[in-house]
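Open the model in your viewer and keep the sequence panel beside it. This tour goes stop by stop: what to select, then what is there.

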Amino acid sequence: MAAPLASKAGSAGTTSKPPFPELDFRSGARVEELNKLIQEFTKHDQREMSFIGKRAVSLHGSKGLLFLSFSGMVQKLDQKLPVANEYLLLSGGVREGVVDIDLDELNVYARGTDYDMDFTLLVPALKLHDRNQPVTLDMRHSALCHSWLSLRLFDEGTISKWKDCCTIVDHINGATNYFFSPTKVADWFYESISIVLSEIQKKPQRGMPKVEKVEKNGTIISIILGVGSSRMLYDIVPVVSFKGWPAVAQSWLMENHFWDGKITEEEVISGFYLVPACSYKGKKDNEWRLSFARSEVQLKKCISSSLMQAYQACKAIIIKLLSRPKAISPYHLRSMMLWACDRLPASYLAQEDYAAHFLLGLIDDLQHCLVNKMCPNYFIPQCNMLEHLSEDTVMLHARKLSSVRSDPAEHLRTAIEHVKAANRLTLELQRRGSTTSIPSPQSDGGDPNQPDDRLAKKLQQLVTENPGKSISVFINPDDVTRPHFRIDDKFF
């Protein structure tokens with residue numbers, strides 16, 4: 001990727017020439033300049049996230065935490081959700097690739113224009129947490145990395161509660177099988193949230209966030225929440241939660257991985273999910289997709305900061321460039337990064353000044369995957385995530401990436417301008433919000449020094465002190481003001 005330094009002249013009587021700057025062979029760009037551009041992008045990107053994140057968390061008082069109050073009220077409607085539930089809150093929306101869900105049904109939202117900070121919230125509709133052996137799923141009707149879910153695994157009470165969210169299959173022997181339907185579950189969840197929001201709007205309370213937008217995007221519910229002068233996007237995903245590890249991914253554990261010796265296997269295989277997404281030839285009403293979001297949070301702790309900076313910059317470049325036709329998502333890039341971590345020496349990936357090399361390498365990897373129409377799922381390698389794409393689509397995206405590879409500096413500058421523009425929009429909104437003297441009934445105008453804000457301060461401290469870690473929230477729907485936080489395996 002980069003040209004080696006020129007060697008000094010060794011013959012006597014000749015003047016040594018200074019070494020050439022390190023260059024990228026393909027584009028001719030200076031590696032040092034690319035590193036500086038990546039650092040500048042990271043500075044602006046992190047400044048935005050740090051400023052908005054701290055402000056948003058401080059504004060989310062105990063009455064304003066969306067996932068505590070709304071989800072608790074949804075549980076009370078018909079007692080479908082597990083009483084002692086665990087919600088996984090991920091930094092970044094579905095469009096940012098934090099979970100493997102198809103983007104073709106998602107409306108386009110832009111940071112700065114539509115929202116200031118985004119999250120993905122995984123809400124378990126069902127839990128299977130009492131198994132100490134590999135979980136065997138019903139994959140007879142599904143593509144790789146997908147499964148149907150029969151309610152036969154659950155008790156009669158659970159079947160009775162969820163019958164209306166199932167597809168029914170009658171067997172010749174007279175037995176009836178209820179298959180948990182991702183589309184029907186998403187419809188139920190959207191209707192339930194709409195009822196809850198309607199009740200809240202009838203009786204607005206001081207300190208509650210203002211609901212700017214609620215949309216159903218396929219099987220995802222997207223809510224944009226106004227908290228003070230900040231706007232939070234929550235992509236809420238109804239999931240099925242499992243403790244343990246799926247049998248189909250058991251062989252992956254037998255291989256050597258970059259995280260070996262850095263985190264324990266127990267941390268990596270603590271649980272997985274089924275998310276409401278089907279394969280391209282699957283039956284939408286029945287098929288779920290396996291998700292390893294909890295494991296990915298753990299693996300992220302083992303990735304060097306320079307590689308993460310390159311990944312974020314690369315993601316910012318491709319997220320718009322490859323958006324039409326929708327074929328490549330940031331989740332594909334995340335998978336390629338994890339494969340690169342397994343393939344390359346840890347000492348090489350730990351180099352602090354190699355962000356430019358990593359960026360160029362990620363672009364090369366993505367282009368290679370497109371040309372060969374092959375991107376293995378990191379946890380289930382036999383699943384090719386690009387198999388369904390047409391030759392025309394992969395070649396179109398490969399040509400677009402070729403233009404990036406020919407001038408990476410220019411595309412980095414464009415990414416920097418985009419994040420700067422988002423920052424300016426956000427700051428302008430903050431300035432306008434600060435001039436409002438009379439808060440509305442739904443705006444958060446509470447005194448941050450009041451005892452009611454202790455939860456927000458506690459959450460802010462946890463987020464600040466535990467970057468990149470898995471933050472789960474346990475709630476009691478009868479008392480949503482008293483959550484219990486878990487950072488990895490530590491409770492607060």
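**Stop 1: a strand residue**

Select S291, which is found in strand 12 (residues 288-291). Helices (H or I, at least four residues) and strands (E, at least two) are DSSP runs, numbered from the N terminus. You are looking at a predicted model, where local features need pLDDT of at least 70, side-chain atom pairs count only at pLDDT 80 or more, and totals for chains, interfaces and linings use all residues. Residues are numbered from 1 along each chain as its sequence is written, and side-chain values use heavy atoms, with hydrogens and water left out.

S291 is buried, with a relative accessible area of 4%. Buried means under 20% relative accessible area, exposed over 50%, and partly exposed in between (1.4 Å probe, protein chains only).

S291 and V99 are 192 residues apart in sequence, and their C-alpha atoms are 7.0 Å apart in space. Not counting residues up to four places away in sequence, S291 touches V99, F272, Y273 and V275. Contact means heavy atoms within 4.5 Å.

**Stop 2: the whole chain**

Zoom out. The chain has 13 helices and 15 strands. Of its 492 residues, 51% count as buried. Take the contacts in the chain with a separation of 6 or more: residues 24 or more positions apart account for 73% of them.

**Stop 3: strand 9**

Go to I221, in strand 9 (residues 220-227). Is I221 buried or exposed? At 0% relative accessibility, I221 counts as buried. Show its surroundings next. Leaving aside neighbours within four places in sequence, I221 is in contact with A186, F189, Y190, I193, V214, E215, Y234, D235 and I236. For one of these, A186, the separation from I221 is 35 residues in sequence and 7.9 Å in space, C-alpha to C-alpha.

**Stop 4: helix 6**

Select residues 293-300, which form helix 6. Of its 8 residues, 7 are buried, so helix 6 is largely enclosed by the rest of the structure. The buried residues of helix 6 are A293, R294, S295, E296, V297, Q298 and L299.

**Stop 5: helix 7 against helix 10**

Color helix 7 (residues 305-321) and helix 10 (residues 355-372). They pack at an angle of about 50°, with their axes 8 Å apart. Axes are lines fitted to C-alpha atoms, for helices over the stretch in contact, and angles run from 0 to 180 degrees between N-to-C directions. Helix 7 and helix 10 are therefore oblique to each other. Angles under 35 degrees count as roughly parallel, over 145 as roughly antiparallel, 65 to 115 as roughly perpendicular and the rest as oblique.

The crossing of helix 7 and helix 10 is right-handed. A crossing is left-handed if the near helix is turned anticlockwise from the far one by less than a right angle, and right-handed if clockwise.

Show the side chains. From helix 7 come S306, L307, A310, Y311, A313, C314 and I318; they meet A355, F358, L359, L362, I363 and L366 in helix 10. By class, this contact has 12 nonpolar, 1 polar and no charged residues. Ala, Val, Leu, Ile, Met, Phe, Trp, Tyr, Cys and Pro count as nonpolar, Asp, Glu, Lys and Arg as charged, and the others, Gly among them, as polar.

**Stop 6: helix 10 against helix 11**

L360, I363, D364, L366, Q367, L370 and V371 in helix 10 meet V394, H397, A398, L401, S402, V404 and R405 in helix 11. Here the classes are 9 nonpolar, 3 polar and 2 charged residues.

**Stop 7**

Most residues other than glycine have a negative phi. K373 is not a glycine, yet has a positive phi of about 50°. At 21% relative accessibility, K373 counts as partly exposed.

Jump to C145, in the loop between strand 4 (117-128) and strand 5 (146-147). C145 also has a positive phi, about 75°, and is not a glycine. C145 is buried, with a relative accessible area of 1%.

**Stop 8: cysteines**

Last, display the cysteine sulfurs. How many disulfides are there? The count comes to 0, a disulfide being a pair of cysteine sulfur atoms within 2.5 Å. Center on C166: the closest cysteine sulfur, in C165, is 7.0 Å from its own, too far for a bond. C166 is buried, with a relative accessible area of 3%. C369 is in no disulfide either; the nearest cysteine sulfur, that of C375, is 4.8 Å away. C369 is buried, with a relative accessible area of 10%.
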